[in-house]
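Biologist: Hi, I'm new to this one. Could you walk me through it?

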Amino acid sequence: MSMPDTTSAPDAPVINMGTAIRDGLLEAARHDPSVIFFGEGVEDPAALFGTLKDIGKHIGHDRMIEMPIAENGLIGVAIGAAMAGKRPVVSLQRVEFALLALEQILNNAAKTRYVSNGRHSVPLVLRMIVGRGWGQGPEHSQSMEAIFAHVPGLKVIMPAFAEDAKGMIAAAVVDDNPVIVIEHRWSHYTTSPVAEGYIHRPLDGPRTVREGDGLTIVATSYMTLEAVRAADKLAEAGYPVEVLDLRVIRPLNLDPIVESVARTGRLLTVDTGFRMFGIGAEIASEVTSRCFDLLEAAPVRLGLPDHPTPSSRGLVKGFYPDAARIARTAAEMMGLDDARISAIEEGILADRKDLPLDVPDPFFKGPF
């Protein structure tokens with residue numbers, strides 16, 4: 001089953017998500033001269049994994065503000081600049097670096113509009129990148145979307161595909177609220193046809209990326225890619241399931257999820273972050289409350305276990321949900337026998353072959 005085409009041009013070039021983010025930010029900066037860039041490494045040759053590459057050459061290096069390693073201070077300066085009429089984009093190499101500025105983000109950025117009775121706004125984009133693999137371990141591979149989604153006043157997005165990433169980051173820049181953009185490092189490698197020029201995709205929540213009636217899978221960020229592979233193998237075996245890419249964590253639009261579960265009768269959520277107290281828990285709770293009488297089975301949640309991320313390949317095995325586990329869980333929920341489940345699982349593992357666990361799977365290069 002093919003991925004729905006969401007590009008605005010049928011002959012759009014195929015690029016990866018990292019490049020799409022870079023193009024979206026560049027076009028947003030060209031579109032509005034008040035857009036400025038803050039961060040550690042915004043003028044570095046590596047350019048935040050290439051996502052800011054050469055932007056200063058096009059818009060002027062005076063709009064690329066290299067900051068010291070002082071996250072609380074730099075985000076505070078960015079909040080002040082936003083209140084003064086600029087539209088800052090702050091880029092952090094890892095999600096964890098934002099922990100040093102939680103007071104700025106959760107109190108100042110999130111609450112300014114409310115405490116000023118709407119007289120002030122903070123049009124701030126705060127990019128955070130999730131690491132995975134290569135021994136990054138417990139302090140450089142956390143997702144933490146649930147922390148930011150917990151706070152009123154913040155918007156939180158997690159694009160999984162290149163075209164969405166370009167259009168949604170442009171929408172985040174023009175939004176008058178602070179927007180947290182959580183990017184998974186491995187998603188940067190995925191490719192899709194992406195329209196050129198300035199494009200804008202509303203921050204409107206779930207999008208159906210696979211159709212089916214056996215079960216509803218709601219996934220976030222990189223886990224959407226694993227869910228797509230699982231869904232494809234299930235469909236090949238004659239058991240099509242529906243996959244919704246959540247995309248927007250806050251505000252959480254539950255209506256498309258409820259509509260899907262009302263058709264399928266089953267819900268499986270797959271978090272990129274921790275399973276406990278995760279986004280999937282909120283979705284499962286709300287869906288159960290809204291359509292309890294339509295459920296044919298109890299909702300099931302997958303996500304990271306209640307344990308810090310191991311650094312070694314030996315210990316990381318089984319830590320992350322993958323397509324095989326998603327497919328097995330979905331198949332068990334639909335009542336398939338173990339022989340059929342094992343065949344689907346073995347097909348997924350055979351596709352991956354002997355690729356190391358801490359290396360992105362080439363399957364996810366798309367196009368999707």
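This is a predicted model: local features need pLDDT of at least 70, side-chain atom pairs count only at pLDDT 80 or more; totals for chains, interfaces and linings use all residues.

Biologist: Great. What volume does the largest pocket have?

Modeller: About 370 Å³. A pocket here is an open set of points on a 1 Å grid over the protein atoms alone, with protein on both sides within 12 Å along at least five of seven lines, and lining residues have an atom within 4 Å of a point. Points are joined across faces, edges and corners, and the volume is the space filled by probe spheres set on them.

Biologist: Which lining residues are closest to the centre of the largest pocket?

Modeller: Of 22 lining residues, Arg132, Asp322, Leu349, Arg352 and Leu357 are the closest. Helices H7 (222–236), H11 (323–333) and H12 (338–352) each supply at least two residues of that lining. Helices (H or I, at least four residues) and strands (E, at least two) are DSSP runs, numbered from the N terminus.

Biologist: And how does the lining of the largest pocket split by class?

Modeller: There are 12 nonpolar, 1 polar and 9 charged residues. Ala, Val, Leu, Ile, Met, Phe, Trp, Tyr, Cys and Pro count as nonpolar, Asp, Glu, Lys and Arg as charged, and the others, Gly among them, as polar.

Biologist: What lines the second largest pocket?

Modeller: Its lining is made of Ala146, Ala149, His150, Ile249, Arg250, Leu252, Phe277, Gly278, Ile279 and Glu282. Helix H5 (145–149), strand E12 (248–250) and helix H9 (279–291) give two or more residues each. The volume of the second largest pocket is about 200 Å³, and its lining has 6 nonpolar, 2 polar and 2 charged residues.

Biologist: What's the phi of Met144, then?

Modeller: About 65°, again positive in a residue that is not a glycine. Most residues other than glycine have a negative phi, and most peptide bonds are trans. Met144 lies in the loop between strand E5 (125–130) and H5, and Met144 is buried, at 14% relative accessible area.

Biologist: Which peptide bond is cis?

Modeller: The one from Arg250 to Pro251, with omega near 0°. Pro251 is in the loop between E12 and H8.

Biologist: Let's stay with H8. Which of its residues are buried?

Modeller: In helix H8 (residues 255–264), they are Ile257, Val258, Ser260, Val261 and Thr264. They lie on the same side of H8 because they cover an arc of only 165° around the axis, taking the directions from the helix axis to the C-beta atoms. Strands E10 (216–219), E11 (242–245) and E13 (267–274) are among the elements covering them, as is H9. Gly265 follows H8, with a positive phi near 80°.

Biologist: What does Ile257 touch?

Modeller: Beyond its neighbours within four places in sequence, Ile257 is in contact (heavy atoms within 4.5 Å) with Pro206, Val218, Leu244, Leu246, Leu267, Ile283 and Val287.

Biologist: And which residues touch the most other members of the largest nonpolar core?

Modeller: Ile105, Phe148 and Ile257, in a core of 47 residues. Helix H3 (residues 71–83) gives the largest share of this core, 6 residues. A second, separate core has 33 residues, including Ile21, Ala29, Ile59 and Val181. A nonpolar core is a set of buried Ala, Val, Leu, Ile, Met, Phe, Trp, Tyr and Cys residues joined through side-chain atoms within 4.5 Å.

Biologist: One last thing: how far is Ser311 from Gly135 in space?

Modeller: They are 4.4 Å apart, C-alpha to C-alpha, and 176 residues apart in sequence. Ser311 is in the loop between strand E14 (300–304) and helix H10 (313–316), and Ser311 is partly exposed at 43% relative accessible area.

Definitions and conventions: Residues are numbered from 1 along each chain as its sequence is written. Side-chain values use heavy atoms; hydrogens and water are left out. On a 1 Å grid over the protein atoms alone, a cavity is a set of points where a 1.4 Å probe fits but cannot get out, and a pocket is an open set with protein on both sides within 12 Å along at least five of seven lines; lining residues have an atom within 4 Å of a point. Buried means under 20% relative accessible area, exposed over 50%, partly exposed in between (1.4 Å probe, protein chains only).
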